[in-house]
Amino acid sequence: VQLQACGGGLVQPGGSLTLSCAASGTIFSINTMGWYRQAPGKQRELVAAITSGGSTSYAESVKGRFSISRDNAKNIVYLQMNSLKPEDTDVYYCYVDGRTAWRRDFGSWGQGTQLTVSS
């Protein structure tokens with residue numbers, strides 16, 4: 001299963017941006033889809049996640065500003081980011097887990113997309 005993330009870039013503080021990540025391959029079902037971020041020298045941290053049932057969870061630092069959603073028909077997860085702050089600058093990684101067509105569990109990471117919030 002491969003993940004293709006896109007949407008990163010340079011944004012001014014207070015601006016908005018949407019990341020997207022599409023999963024492809026021999027997928028039978030997808031459970032959780034999520035976004036993580038990682039700064040150089042730091043651990044990767046969960047930003048937001050959404051289950052197959054639509055339940056969402058967010059890091060405290062992004063609650064009220066970020067919104068995660070998914071398109072189950074297209075196997076795409078989105079991260080709408082509003083009121084961006086310089087401290088949101090990081091490399092963002094999407095993560096998806098589920099089951100392949102051969103009924104084997106998988107967990108896959110996207111390649112990472114850079115978000116820079118700066119004036």
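**Strand pairing and core**

I started with β9 and β11: they run antiparallel, joined by 3 bridges. Strands here are DSSP runs of E, at least two residues long, numbered from the N terminus. Two strands pair if DSSP finds at least two bridges between them. In β11, L115 stands opposite D90.

This is a predicted model, where local features need pLDDT of at least 70, side-chain atom pairs count only at pLDDT 80 or more, and totals for chains, interfaces and linings use all residues. Residues are numbered from 1 along each chain as its sequence is written, and side-chain values use heavy atoms, with hydrogens and water left out.

Next I looked up β10, residues 105–109. I found 5 bridges between β9 and β10, again antiparallel. S108 in β10 is opposite V96.

Then I checked β4. It runs antiparallel to β9, with 9 bridges. I27 has T100 in β9 as its bridge partner.

Last, I looked up the largest nonpolar core, which has 27 residues. Such a core is a set of buried Ala, Val, Leu, Ile, Met, Phe, Trp, Tyr and Cys residues joined through side-chain atoms within 4.5 Å. W35, L79, M81 and Y92 have the most contacts inside it. β3 gives the largest share, 4 residues.

Definitions and conventions:
Buried < 20%, exposed > 50% of the residue type's maximum accessible area, 1.4 Å probe, protein only.
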